[in-house]
Amino acid sequence: MRPDTTVFTVEYDANGVTLMTRQGISELLDSFKEKTSSLSGTYGFYVIEVDNKSEVRSYGLDQDVTFKAASLIKLPTLAALYMEAEKGTVGLDETYTLLNSDKRTGAGSLYSKAEGTSLTYRELAGLMGKESDNTAFAIIRKKLGDSRINQAIEEIGMKSTSLKENKTSAHDIALFFQKLWKGDLVSEASRDEILEYLTDTAYEDWIVKGIPKEVRVAHKYGRELHVVNDAGIVFAEKPFVIVIITQGIIEKEADAII
């Protein structure tokens with residue numbers, strides 16, 4: 001039997017009218033369970049407000065369960081890069097010369113570039129966000145070192161996240177986006193640059209496809225064998241983070257349900 005890991009809150013507008021009742025959230029979660037129960041694998045999700053109020057409103061299902069991170073692990077790596085840039089230990093406009101040994105297959109266009117191509121770390125960060133570029137990730141990971149990325153994961157408070165094991169939870173990813181938006185990780189300018197790299201990406205057929213076109217979504221998509229993840233900030237009138245995370249799934253089913 002699935003443990004009850006849901007979080008419930010009740011929200012009211014300025015006139016005291018209920019916007020989302022406990023019953024409404026229960027119905028939403030029941031609908032999510034119903035839609036995914038007949039599918040292969042495991043699905044978890046989490047929704048949390050990203051405003052600056054002291055009371056945080058959120059709800060989710062299996063948000064603390066550890067899942068395969070896939071490319072969501074690139075999020076704390078992006079944060080670590082900009083943290084170091086703000087300390088002056090990394091220059092975002094410093095150039096790096098591509099080596100054939102840097103190249104990683106899978107997502108991104110950098111793999112097809114010629115050895116000797118020069119890019120700045122800012123450009124590499126953009127590729128890691130827009131294209132989820134695996135080669136750019138490998139270069140930035142090499143530049144920072146795993147110990148610095150692990151330190152950033154700890155500083156953010158992502159307790160279920162492991163760079164080495166490529167694991168995370170919906171709660172951890174939501175926490176990342178919430179803290180990024182609130183300015184708890186990097187400056188406002190760095191935050192906005194990171195979010196720009198996560199907007200209008202090469203992967204707009206999942207969470208973004210279910211959001212009205214006029215609403216901006218800054219998100220990170222991740223995919224591996226039997227894993228489809230997507231998570232980000234939806235800039236609705238009341239901005240919120242949504243995380244959908246999976247494992248052991250059939251990819252076509254997950255593509256459709258997300």
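Reply: We begin with burial: a residue is buried under 20% relative accessible area, exposed over 50%, and partly exposed in between, with a 1.4 Å probe and protein chains only. By this criterion, buried residues make up 50% of the 258 residues in the protein. This is a predicted model, in which local features need pLDDT of at least 70 and side-chain atom pairs count only at pLDDT 80 or more, while totals for chains, interfaces and linings use all residues. Residues are numbered from 1 along each chain as its sequence is written, and side-chain values use heavy atoms, with hydrogens and water left out.

Me: How many helices and strands are there in the protein?

Reply: Helices (H or I, at least four residues) and strands (E, at least two) are DSSP runs, numbered from the N terminus. The protein has 8 helices and 11 strands.

Me: Which strands make up the open sheet, and in what order?

Reply: Two strands pair if DSSP finds at least two bridges between them. The open sheet has 5 strands in the order 4-3-11-10-9, and the pairing is antiparallel. Strand 4 (58-61) and strand 9 (217-224) stand at the edges with a single partner strand each, so one side of each lacks a neighbour in the sheet. On average, neighbouring strands of this sheet are turned by 5° against each other, direction ignored; for such angles, axes are lines fitted to C-alpha atoms, over the stretch in contact for helices, and angles run from 0 to 180 degrees between N-to-C directions.

Me: Which bridges and turns connect the strands of this sheet?

Reply: Strand 3 (residues 42-49) and strand 11 (residues 240-247) pair in the antiparallel sense over 8 bridges, and Tyr 43 stands opposite Thr 246 in strand 11. Strand 9 and strand 10 are also antiparallel, over 8 bridges, with Ala 218 having Ile 233 of strand 10 as its bridge partner. These two strands form a hairpin with 2 residues between them, and His 226 in the turn has a positive phi of about 65°. Strand 10 and strand 11 pair in the antiparallel sense over 5 bridges; here Ile 233 stands opposite Val 241 in strand 11. Their hairpin has 5 residues between the strands.

Me: What does the side chain of Asn 229 reach?

Reply: A polar contact is a pair of N or O atoms within 3.5 Å; within protein, one must be able to donate a hydrogen and the other to accept it, and residues adjacent in sequence count only if both atoms are side-chain atoms. Asn 229 is found in strand 10 (residues 227-234) and counts as buried because its relative accessibility is 0%. Its side chain reaches the backbone oxygen of Lys 68 at 2.9 Å and that of Ala 69 at 3.2 Å. Contact in the wider sense means heavy atoms within 4.5 Å. Leaving aside neighbours within four places in sequence, the contacts of Asn 229 include Leu 72, Tyr 221 and Ile 244.

Me: How many residues of helix 3 are buried, and what covers them?

Reply: Helix 3 is mostly covered, with 7 of its 10 residues buried. The cover of these buried residues includes helix 4 (134-144), helix 7 and strand 9. Ser 132, which follows helix 3, has a positive phi near 55°.
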